[in-house]
Protein chains: 2
Amino acid sequence: MLTLVIADAELELVPKELWNAPDSKSYSKRRTKPLSSLLLDSNYLHHAIDAKYPGESKRRGRPDILHALLLTCQESILNKVGQLELFIHTREDKVIIVNRETRIPRSFNRFSGLIEDMFAKRKIQSGGVTLLEMIDSTLMDFIFSRGMKNVRVFSPTGKKSTVSEAVGDEIATTVVIGGFSEGDFRTKLDDLGKQYSIYPEELTIWTVAMEAICTYERLHGIMQ
Amino acid sequence: MLTLVIADAELELVPKELWNAPDSKSYSKRRTKPLSSLLLDSNYLHHAIDAKYPGESKRRGRPDILHALLLTCQESILNKVGQLELFIHTREDKVIIVNRETRIPRSFNRFSGLIEDMFAKRKIQSGGVTLLEMIDSTLMDFIFSRGMKNVRVFSPTGKKSTVSEAVGDEIATTVVIGGFSEGDFRTKLDDLGKQYSIYPEELTIWTVAMEAICTYERLHGIMQ
């Protein structure tokens, strides 16, 4: 089982202090929902974000990159054979537990609606199955409470390694990937385990996930 | 160089015969553009599609799955090292030539706008570089005119194979993947080369691309 933990993901509702921005009002109108139930999305709110949090509009409010990541993971062959577990820890110390059977909407607008629904209800269920669940937890508490083993952090500042070395050859492996488009982890990860850098340039989070997944599949003979 | 050819991709503008559907009018209003310049998108127009083309609303008008595919390919390490070429052939026998430097918008709405712009102008350029270009060609004419070698078709009805066997060990390899979410190729591919099936169940097009890309990277020592 490969456990993927997305850390410090930039997924949050529109913060109260942004509700009065002109951007926010037109976003709410376009989405036909109140701001209190909408995801922060820098594609629409980057002026509002930069006004309140200077320089953060590229990083904060990135449901788009989480959508690409979830499509990569949930549709992977590793997930289809039941050997992938996925958790998403957010900047606000919430953790989303993703059921392996959860089918991610291909449409970004539907995906946003689903995640907003989860923020409101804390759980998305269908036919008795919990597809998504959101709990309150720091990254460290979550990893330790689940007894995750062989934790390996993928980080641009880690030790230069092949992906095979970074994933390791243990059957039960935990790979931590940052859930943001630029900058560094907000959580202090020094106690978690070794840090590995698999490529000298910045990679998107779905590219890192794809490399980790394909490597695990090949190291364990699932695909070849 | 791995050449990826997406065949029979379900990417087209809203057909004229759908312009009078109620769905189409509200789609045009939401997008604030005339229907003649908008992509067919089954997420918004599935009633209109099913009314005119019964049963086709899941297949036709799928810019969403092409978006996921382009994000996977363009952000891959194989593309970053200059060893991936990508062409998208559509159901209307147009071929989109994707420059390796083209950065795909993360936002689906911006992506749709970019592709619509390309349908209008046939070329998207920036700083003297042609990022996207659309030409008229059948799949077969395109593949033969480019002198593509070692053409391998990935198809659910092909010979059961490992991905390594399907990709093959030649440096210059061409992999053809269907650009649709269900059903079969519309183009007759029998003359193209061997057909391979890498997994017994249906896979999304970005999952197939990710497997082909990661396999090529590993077969040629680009990643390990």
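The expected span of a helix is 1.5 Å times one less than its number of residues. Helix 3 of chain A, with 12 residues, reaches 16 Å from its first C-alpha to its last, close to the 16 Å expected at 1.5 Å a residue. The model is predicted: local features need pLDDT of at least 70 and side-chain atom pairs count only at pLDDT 80 or more, while totals for chains, interfaces and linings use all residues. Residues are numbered from 1 along each chain as its sequence is written, and chains are lettered from A and ligands numbered from 1 in the order in which they are written.

**Domains of chain A**
- An automatic or database domain assignment divides chain A into domain 1 (2–10 + 61–219) and domain 2 (16–52).
- The centres of the two domains, taken over C-alpha atoms, are 26 Å apart.
- Their contact (C-beta atoms, placed from the backbone, within 7 Å) takes 8 residues from domain 1 and 9 residues from domain 2.
- On the domain 1 side, helix 3 (63–74) and helix 5 (108–121) each supply at least two residues; helices are DSSP runs of H or I with at least four residues, numbered from the N terminus.
- Helix 5 of chain A gives the largest share of that side, 4 residues.

**Helix 3 of chain A**
- Helix 3 is mostly covered, with 12 of its 12 residues buried (20 or more other C-beta atoms within 10 Å of a residue's own, C-beta atoms being placed from the backbone).
- Among the buried residues are A:Asp64, A:His67 and A:Gln74.

**The two chains**

How values were computed: Contact = placed C-beta atoms within 7 Å.
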